[in-house]
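Subject: A structure for you to explore

Hi there,

Here is the structure I promised to pass on to you. Please open it beside this email, and then read on for what was found in it.

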Amino acid sequence: LRRQRQMCIRDRDWVEVDQMTEEQRSLIPSYCTGGYVVPDYLPEEATSSLIDGEVLGVAQKATHDGGQKAIFEGDVELTQAPYQLKGASATLDQEANEITVAGGAEFRGPDFVMTGSELRYDMTTRAVEVDDASYLSHSAGFRGDSKEFDRVSAEVVVIKQGTFTRCDPNDKSWSIAAGEIELDRAEGVGYATHVRLRIQDIPV
């Protein structure tokens, strides 16, 4: 299952260089055969009529438990612009201010997309945790998978028991596997523990 997700995520949003606009080509290194491009993913209502912080929900079935929880089932799509959550089912807990999505969970933002078995999203801080995750950052061009992916803030992510690579989708030249990887985009640095370098999927 994880291999299937990884194959899906590595090809997700990939555009060959000859299909890119001039502006898109200017943003990728000259040695790359293409790059990851963010598609239009937000519904029109989420960009035109929602008050900041509101959540737009679409599902085959929605129920309320009479308290603070709303339950969504079947082709769930929840949007709190600029973020979108998808899955087979979801629970919105107003008291905890958290959304839990299960069953083919997906979380997408302006510069990344993640998939996993389950995710938990904080509607106040916009932090998200994804279990059994496959992830992709468009502008940085990195991707991988992990036991748990924590987007602590807009700038900091923590990858637990995961892999990291910046290769093109079909390029297995190198990847890094680590017990934990922390990437700080604001500082432009990354930290890793228990690191293993793989060349052509072979540990070295």
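The protein chain holds three helices and 15 strands; helices (H or I, at least four residues) and strands (E, at least two) are DSSP runs, numbered from the N terminus. Its radius of gyration is 18 Å, close to the 17 Å that the globule rule gives for 204 residues, so the chain is as compact as a globular protein of that length. That radius is taken over C-alpha atoms, and the globule rule is 2.2 Å times the number of residues to the power 0.38.

A word on the source: this is a predicted model, in which local features need pLDDT of at least 70 and side-chain atom pairs count only at pLDDT 80 or more, while totals for chains, interfaces and linings use all residues. Residues are numbered from 1 along each chain as its sequence is written, and side-chain values use heavy atoms, with hydrogens and water left out.

Of the 204 residues, 42% count as buried. Buried means under 20% relative accessible area, exposed over 50%, and partly exposed in between (1.4 Å probe, protein chains only).

**Strand β9 and its partners**

Which strands pair with β9? One is β8 (residues 112–122), antiparallel over eight bridges, and another is β10 (residues 143–151), also antiparallel over eight bridges. Two strands pair if DSSP finds at least two bridges between them. Look at Val128 in β9: Tyr121 stands opposite it, and Val128 also stands opposite Arg151 in β10.

Both pairings are hairpins. Five residues lie between β8 and β9, and in this hairpin Arg126 takes a positive phi near 70°. The hairpin of β9 and β10 has five residues between the strands, with Gly141 in the turn at a positive phi of about 75°.

**Aromatic rings**

A search of the whole structure finds 10 aromatic pairs. Rings of Phe, Tyr and Trp (its six-membered ring) pair if their centres lie within 6.5 Å; planes under 30 degrees apart count as stacked, over 60 as edge-to-face and the rest as tilted. One of them is the tilted pair of Tyr135 and Phe149, 4.9 Å centre to centre with 40° between the planes. This pair links β9 to β10, its residues being 14 apart. Tyr135 is buried, with a relative accessible area of 1%, and Phe149 counts as buried at 5%.

Phe142 and Phe164 make another tilted pair, 5.1 Å centre to centre and 35° between the planes. Here Phe142 sits in the loop between β9 and β10, and Phe164 is in strand β11 (residues 156–164), 22 residues apart. Tyr135, Phe142, Phe149, Phe164 and Trp174 form one aromatic cluster.

**The nonpolar core**

Which residues have the most contacts inside the largest nonpolar core? They are Leu85, Ile99, Phe107, Met114, Leu119, Tyr121 and Phe149, in a core of 29 residues. A nonpolar core is a set of buried Ala, Val, Leu, Ile, Met, Phe, Trp, Tyr and Cys residues joined through side-chain atoms within 4.5 Å. Leaving aside neighbours within four places in sequence, Phe107 is in contact (heavy atoms within 4.5 Å) with residues including Leu85, Met114, Leu119, Tyr121 and Val128.

Enjoy exploring!

Best wishes
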